Structures are given as structure tokens and as C-alpha cells.
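Please read it alongside the sequence and the 3D view.

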Amino acid sequence: MGMATISNQGHDSLRSKHHVGGKRSRLAHRLQVGLCACTLALSCCTLLPVSAQAASYTIDDKTIMVGTDTTYQVSNEGTTTLEYVAAHYQLGLSNLIEANPGVDPIVPRNGTNLIVPLRSLLPPTVHQGIVINSPEMRLYYYHDDQVDVLPIGIGQLGTDTPLNWVTKVERKRANPTWTPTAKMHEEYKARGEFLPKVWPAGPDNPMGLFALYIGRLYAIHGTNADFGIGLRVSHGCVRLRNEDIEYLFNNVPVGTRVQFINEPIKTAEDEAGNLYIEVHQPLSMSEEEFETLDQNLPFTFTKEQEEFFKRPEINQDILQQALSERSGRVVWLNPPAF
């Protein structure tokens, strides 16, 4: 499994701003520099192999969550980037950053114990086809009594990925070309960079080697970048790593339902009455919110969420801690009291 993108057929900007874990910054550029430095020093880097196993789970009508959290200790020798750890466990960078506040987002200190947040609640919508939940930076593909969970990157502020939209896969294409928009040509020209009218197919193409076109303006496609999963760095795209788009290309039929949702908070109850919550930072919707570097953005609770929070069996201290920390991890809200 690996990396793909949903895009208005636009190139993922490597220098754009992004939103991650509630702390807006210009991490994309820092990542580009940091990862390039690690590549140059490859002989002294500790690099994990990318997982070849799909993050797939068998489910039924009663399944509310999938996966199991684990831990990973950064080697005491060499250099291990957080991106390599994220790729190995098929997570977006923001998933690791949310679960490990205070850890350097490029190169964590040697010996650091990382929480690897692999458990997630299934999105609160119909479990059919592809569901993309932008705040948690994950794509869910439901098929054949199973779900595949894939990490994504999404559009930067001003070229946002759709948030509430139902569409379908219209067509698929291997070795797509890329035609930049007039606005993209202007942006690159302002930076002193050149873009061809049509970028030919091939591994250097920003759309990668496979594309699933959805609606009339967007496509799920690959990328030529070596980072960006879990970041807001694209011109509206939803990235997945390159092995993932190949998997989707080979397994998702034309006509498959595709739904975009905007759910930073997910709640669920299992058959035994256990109550759970998973909280992510909401997406910045304005420049003012984007520049609020050290504050959590406010939530807009739905009526259903407000009623859920009032349930008497919920430990309110645990609930408020989850809403404050926004760790992206599944939290049990009504554990037994001793």
C-alpha cells in the first residue's frame, strides 16, 4: 500500500502552508529541507522499510472501530525521520504528531518512544465505497466485508479539498498527464519557476502513475513527492502514498461511490455499552485561524454530539481531556470506576 492524491488536477505545492495537529506552521518547507538533508546523509540514516501489507480489516454491521495502537522506539543510533516511521506504519505525519505532542516532526530524538495510533473509529456515515474524512487525514475504502484505511494529505488553505460532497469514480487512467491551471502557472512564475503546458506521463509527473477521476474537476492520483501525507500541501488534492494509488487503481471499480466528510470528532458505542471518542484538530477555515499557531481551534458541535456528551455514564474529566488534547487516538469514555 502507498501514496495517492485527490486533486483538481493540480500539482501539490512543496512550499505551501499546511495545517497539522492544531499547530499551523510552514512545516512543508521545513520537511522538504530536512528530508533532503537526510537523503544526502543516507549512509547514517536509520530507515524503516515501507510496509507492504495493506491496512485492511474484516468488518460487519456491528463493527465500530478497527486497528490497535502500538509503540515504536526510535533507534539510539543514526537518524530516523518521523516520515519514515509514518510510512512504515501506514500513517500520515499528522497522525503521529497528534499522538506525540512535543516530538520533533522531522527527526525525533534518538531513543524516543513513539505512540503509533493505528486504532480508529469508523466514520459516522454510510459504510460504502470510499469515505474521505479530511480532519483526520484518512481515506476509508469499504468493500467485500472489509475496510482499507489509508493515510492522506489534503488541500492547503485557499485551495481546499471538498469537505461535504458525494460523487463517484467516473473513469480511471494509468500514466496520466497533468495540465496545470492558469493560476498555477502564475504561482510558479512568481517564484521564478517554469511549468510546461502539459506535463508528460511518467514517474516525475506530479499526478504519479495512476489516476481515478471523480466528479468533473477532481482526481484521486499518485504523486512525485516523497512527503506530504498528513499535511495540507496540495492544490485541493488528497494524497496517498504511491503504493496506495496502485492498489486503489487495481481494486476500485468505475462507478464506486465517493464521499467527503468533515468530522474532527467521531463518537461510537459498542454492543456492551462502552462509549468512545476520537478527536482531531478541526481544519483552519480562514487565514486568521491558520495563523493561530499555539491555540486549539474551537469546535462546532452537532446536536447529536451535544446529546452524546450529556450521557450520565460518561466520565466528564476524561471527555474534557480528550477534547483538549486532540490526540487523534480512540478514548474510552466510561471505563469502570474503582
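I152 touches I132, N133, M137, R138, L139, I229, G230, L231, V238, R239 and L240, leaving out residues up to four places away in sequence; contact means heavy atoms within 4.5 Å. This is a predicted model: local features need pLDDT of at least 70, side-chain atom pairs count only at pLDDT 80 or more, and totals for chains, interfaces and linings use all residues. Residues are numbered from 1 along each chain as its sequence is written, and side-chain values use heavy atoms, without hydrogens and water.

**Nonpolar cores**
- A nonpolar core is a set of buried Ala, Val, Leu, Ile, Met, Phe, Trp, Tyr and Cys residues joined through side-chain atoms within 4.5 Å; buried means under 20% relative accessible area (1.4 Å probe, protein chains only).
- The largest nonpolar core has 25 residues, and I152 is one of those that touch the most other members, along with I130, I132, L139, L212, I220 and L248.
- Two or more residues each come from β7 (129-133), β8 (138-143), β12 (210-214), β13 (218-221), α5 (242-251) and β15 (257-261).
- Helices (H or I, at least four residues) and strands (E, at least two) are DSSP runs, numbered from the N terminus.
- α5 gives the most to this core, with 4 residues.
- Another core lies apart from it, with 13 residues, including Y72, L82, L91 and F227.

**Open sheet**
- The order of this 3-strand sheet is β16-β17-β18, with antiparallel pairing; strands pair if DSSP finds at least two bridges between them.
- β16 (265-269) and β18 (330-332) are the edges, each with a single partner strand, so one side of each has no neighbour in the sheet.
- β17 (residues 275-279) and β18 are joined by 3 bridges.
- Y276 stands opposite W332 in β18.

Key
Buried means under 20% relative accessible area, exposed over 50%, partly exposed in between (1.4 Å probe, protein chains only).
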